[in-house]
Amino acid sequence: QVQLVESGGGLVQAGGSLRLSCAASGTIFRIISMGWYRQVPGKQRELVADRNSGGATNVADSVKGRFTISRDNAKNTVYLQMSSLKPEDTAVYYCNAYIYTDYSRFDSYWGQGTQVTVSS
């Protein structure tokens with residue numbers, strides 16, 4: 001079993017910064033990728049950024065130049081540094097990871113979500 005535990009959400013003024021963290025624990029053989037999604041009520045969950053084990057990243061156009069994703073492979077942790085935050089960044093942010101739990105089985109796992117609210 002795998003758990004993803006997020007931290008770092010909160011309330012910030014527009015133009016401010018926040019750093020989200022997500023740590024994976026449990027039966028982990030190999031992590032393929034880790035990343036962040038966000039969702040607002042009434043809309044689909046959307047990719048913010050992800051990073052695979054080789055270091056390749058995908059970053060949504062809406063946050064390019066403002067958000068940076070990084071990973072600490074030794075700690076099975078992914079970070080999202082968010083800067084120049086805008087009210088439209090307000091959402092619940094979810095950590096996601098694709099993890100092998102043995103040689104042949106991998107699954108997608110989700111964290112519980114952390115609220116980010118940006119006031120204007």
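**Rings, charges and core**

Guide: In this predicted model, arginine 19 lies over the face of tyrosine 79, 4.1 Å from the ring centre.

Visitor: Which ring does arginine 45 lie over?

Guide: Arginine 45 lies over the face of tyrosine 94, at 3.6 Å from the ring centre.

Visitor: Is tyrosine 94 buried or exposed?

Guide: Tyrosine 94 is buried, since its relative accessible area is 15%, and the cut-off for buried is under 20%.

Visitor: How many aromatic pairs does the structure hold?

Guide: The structure holds 4 aromatic pairs. One of them joins phenylalanine 29 and tyrosine 103. That pair is tilted, with 4.8 Å centre to centre and 50 degrees between the planes.

Visitor: Where do phenylalanine 29 and tyrosine 103 lie?

Guide: Phenylalanine 29 is in the loop between strand E3 (18-26) and strand E4 (30-39). Tyrosine 103 is in the loop between strand E9 (91-100) and strand E10 (106-110). The pair therefore ties together parts that are 74 residues apart in sequence.

Visitor: And what is the relative accessibility of each, starting with phenylalanine 29?

Guide: Phenylalanine 29 has 44% relative accessibility and counts as partly exposed. Tyrosine 103, at 72%, counts as exposed.

Visitor: Why is the pair of tyrosine 94 and tryptophan 110 called edge-to-face?

Guide: The planes of the two rings, tyrosine 94 and tryptophan 110, stand at 85 degrees, so the pair is edge-to-face; the centres are 6.5 Å apart. An angle over 60 degrees is what counts as edge-to-face. This pair links distant parts of the chain, with tyrosine 94 in strand E9 and tryptophan 110 in strand E10, 16 residues apart. Tryptophan 110 counts as partly exposed, at 39% relative accessibility.

Visitor: Which residues do ring pairs link into a cluster?

Guide: Tyr37, Tyr94 and Trp110 are linked into a cluster by ring pairs.

Visitor: Changing topic: how many residues has the largest nonpolar core?

Guide: The largest nonpolar core has 28 residues. Trp36, Leu80, Met82 and Tyr93 have the most contacts inside this core. Several elements give two or more residues to the core, including strand E1 (2-7), strand E5 (46-52) and strand E11 (114-119).

Visitor: Which element gives the most to this core?

Guide: E9 gives the most, with 5 residues.

Visitor: What does methionine 82 touch?

Guide: Leaving aside residues up to four places away in sequence, methionine 82 touches Gly16, Ser17, Leu18, Leu20, Arg66, Phe67, Tyr93 and Val116.

Notes. Residues numbered from 1 in each chain as written. Predicted model: local features only at pLDDT ≥ 70, side-chain atom pairs only at ≥ 80, totals over all residues. Heavy atoms only, no water. Phe/Tyr/Trp six-rings, centres within 6.5 Å; stacked < 30°, edge-to-face > 60°. Helix = DSSP H or I, 4+ residues; strand = E, 2+ residues; numbered from the N terminus. Buried < 20%, exposed > 50% of the residue type's maximum accessible area, 1.4 Å probe, protein only. Lys NZ or Arg CZ within 6 Å of the ring centre and 35° of its normal. Core = buried A, V, L, I, M, F, W, Y, C linked by side-chain atoms within 4.5 Å. Contact = heavy atoms within 4.5 Å.
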